[in-house]
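This briefing covers strand pairing, helix packing and domain contacts. Please look over the sequence and structure before reading the points below.

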Amino acid sequence: MTAITGGGLVLGFNWFSAEANVPEVISGSAMAAGNIGFNSFLSIATDGTVTIMSPNPELGQNIITSFPMVVAEELEADWKKVKVLQANLDNKFDRQLTGGSGAVPHSWKLLRNAGATAKFMLIAAAAKQWSVPESECTASNGFVLHARSGKKLSFGELAEAASKMPVPTSVKLKDRKDFKLIGKSVRNVENLKIVTGKPLFGMDFYREGMVYAMIQRPAFGMKLKSFDAAITKAMPGIIDVVSFKNNVAIVGKSTWEVLKARKLLKVDYEKEADLESTEDHDKLFLSLMDSGQATVRRKDGDVDAAFKNAEKVIKGEYQCPFISHSPMEPMNFFADVRPDGVELVGPTQTPARARAEVSQLLKIPEDKITLELTRLGGGFGRRLKNDFVTEAAELSSIIKKPVKLIWSKEDDMTGGTYRPAVRYRFEAALDAAGNLTGYKLRGVGINSGNSTREHNFPSGAVDNLLIDSVEHKSPITTGAWRAPITNFLAFAEQAFIDEVAHAAGKDPVQFRLDLLAKAKRAPVGEIRYDINRMETVIKMAAEKSGWGKKKDVSQGFSVYFSHASYVAQVADVIMRNGLPVVKKIYAVSDCGQVVALNGAVHQVMGGIVDGMGHAMYSKLSFRDGVADQNNYNTYRLIKMKEVPEIETHFVDNGIDPTGLGEPALPPTGGAVANAIFKATGKRLRNQPFIEEDVFKTVS
Amino acid sequence: MAIYKLQVNGKTLQADVEADTPLLWVLRDHLGLVGTKYGCGIAQCGSCTVHVNGSATRSCVYPVSAVGNSQVLTIEGLSEKGDHPLQLAWDEIDVAQCGYCQSGQIMTAAALLKQNPKPSMDEIEVTMNGNICRCGAYHRIRDAVKLASSKI
């Protein structure tokens, strides 16, 4: 990081530290020597330019804009003079990652504190110069002002003097009613680079002398037996073909030469584990559903008695396939393993973990490894795992060259780390009045870990409840996929609640509100969601969507709490040529304080499109450990003509931010399926919906 | 290998490559024009869209030997200062999430507007439907094309 030089005020602070965060002034000489004990800083140059580091990997969640907005808000900076830099991996970061919708919630107070500290130092410098009390000075839009005398100095003019002022140990943060940037629409700071095609992404990184490589990997359950690379090696531009672990790597002078030569590689694999197919999984789901090997996740009251005494019992089973993250930018990383150290460059959601894994693999201490973050062409959880980083590093260490490892789209789609395939069985017991007296959920998942979220709604609202799960271990690898587990569980649960409300003869919205009222009145066991926040989004979504008042559309309701935020959605469905069409989705989100409004709207809209797209169209099936789908011609993603209109609303409650990268996705499948039920009388219980009967035209 | 002289963004550039090398990889690996993206490699996603004699073309399946004297336009050549009406609209509407597909989206839209400066929403959707945005920024892509068309 050489962008900060010379005088001015440079404040360093540890915005990932959980401890009290008191910024310190960094001297010019320490800065120049790179001797900084901080994981981030903001600087105010003598020309008034404010530079703010954004440490988290940027993959489209807009953190590179929203983090600096929070700092600039408290600083009272002129946003036009704010420059944002992507920080590289720093030794001191303890949450430099993108995942779990956690960046803004985690850093909110630290960012504000950093901005406010700088502001009060600028004010102190001005007050000293003018010999007036600090309390009479204010900061606004890049200036410190003294209203009584009409004196005014710019941040740039004050920066040098401010750097010599003592650092306040506690600062007063702004009242949210005075926010000028936070909650407003501020555009993505990288827009110009994106629309002009500047080299921002890992795929775009180039280093003189680097070679290109791709890797041939075995199917799930297979291992490498032997390979014949004679023809491949003789192809133009091919430098080498090497093998490590179960990989055969083709190294060449350009991407196309590697792609072309790779097709001529002869590789023999042998069986190492079971070669599983989707057919096997379908059978496994059914047998494991009835197995007694389930791990109990939550148990309240006496479920057996509740079901025995029930007036009515409702059951529903729901199943989803594996899906791929398939971000637009394929996996790739640059690695240069030299005797003096390792240089890594590229897109990862978890840079610290990547470095640790490379360190462990190559037995090179972490302080000899640098990692430069590029912008990520999407992540969705795929780049939480760093297999492509360790592959690049291992390959570079073998061929002793700087190498750019690229996964083709086919490599990515067949390479694992999928959203696990899961089947759920729900059972509900109703009494004569239609009250939910018993509730059972069993999740059976393939490499899913705990496929339930046992403390989520309706836990706490039902007297007798049992939630358990069964896991099948498979060679087909899985990983976190945007809103892990809840990306499908929410659909299944919200579709089932709709079935139960229907069976109880109650309005689905009122049924949910009644459950929440029960949880408030007579809570059962632990409740980890905020009943009031959930109630608010439900009521607001019903109101905004005209729930129960529309004659020309069929509506479906869904609400979900995930990560730490609440989103309720209503889908409007019409019938066209005998087929259901989703016309519109209303979303009411409570993510606490919204930071960048247009970015937040975008996260909700993108989450809904993502949730609906994958529920409707996407699936990976397997035959003997090989995925049937390997690119966008066979693996279907949602397209422009298929997206419904989306109307977004936010609850303005002043709660500190609770995250928004994921929470809008989980409720969508349920809203869509429930609206389609209303329109057609058919329940959708399996994803992708497009394979269900309601989407098949009658010929 | 053979030397190909290509007309790219109004300049003559040359690359020594195999005849079947897709234009995408010539642009990216040999000419340093990385704004054109690799997404799927089989003409399914549109991330690699460039103009060949004004027509939106999937460069990932377009061999360099077919380019001849055609004029190739990439995102880097769409405007000198990033101020093509589409680029301005993309900023104004804040279209990008991850941003990876956007140069292909813009080039597809630019070819449409050149041919049909005032497209209907339906015409926009039909044309843009072949470009995948994994982040799901479709509403803003559509609105930005409309906005740009209103300023041409």
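Two strands count as paired if DSSP finds at least two bridges between them. The model described here is predicted. By that rule, strand 14 and strand 22 (residues 464-472) of chain A pair in the antiparallel sense, with 5 bridges.

**Mixed sheet of chain A**
- An open sheet in chain A is formed by 5 strands in the order 14-22-21-20-15, and its pairing is mixed.
- Its edge strands are strand 14 (295-300) and strand 15 (312-320) of chain A, each of which pairs on one side only.
- From one strand to the next, the twist averages 10 degrees.
- A:V296 has A:D468, in strand 22 of chain A, as its bridge partner.
- Helix 8 (residues 278-289) of chain A packs on this sheet and touches strand 15, strand 20 (422-430), strand 21 (436-446) and strand 22 of chain A.
- The direction of helix 8 makes about 140 degrees with that of strand 21 of chain A.

**Parallel pair in chain A**
- Strand 4 (residues 50-54) and strand 5 (residues 82-86) of chain A run parallel and are joined by 5 bridges.
- Within this pair, A:T51 stands opposite A:K83 of strand 5.
- Between strand 4 and strand 5 of chain A the chain passes through helix 2 (residues 63-75), and this β-α-β crossover is right-handed.

**Domains of chain B**
- The domain assignment divides chain B into domain 1 (2-77) and domain 2 (85-150).
- Their C-alpha centres are 21 Å apart.
- Contacts link 15 residues of domain 1 of chain B with 12 residues of domain 2 of chain B.
- On the domain 1 side that touches domain 2, strand 3 (49-52) and strand 4 (55-58) of chain B each supply at least two residues.
- The largest share of that side, 3 residues, comes from strand 3 of chain B.
- The residues of that side divide into 5 nonpolar, 9 polar and 1 charged.

How values were computed:
Residues are numbered from 1 along each chain as its sequence is written. Chains are lettered from A and ligands numbered from 1 in the order in which they are written. This is a predicted model: local features need pLDDT of at least 70, side-chain atom pairs count only at pLDDT 80 or more; totals for chains, interfaces and linings use all residues. Helices (H or I, at least four residues) and strands (E, at least two) are DSSP runs, numbered from the N terminus. A crossover is right-handed if, with the strands pointing away from the viewer, the path from the first strand over the helix to the second runs clockwise. Axes are lines fitted to C-alpha atoms, for helices over the stretch in contact, and angles run from 0 to 180 degrees between N-to-C directions. Two residues are in contact if their C-beta atoms, placed from the backbone, lie within 7 Å. Domain bounds come from an automatic or database domain assignment. Ala, Val, Leu, Ile, Met, Phe, Trp, Tyr, Cys and Pro count as nonpolar, Asp, Glu, Lys and Arg as charged, and the others, Gly among them, as polar.
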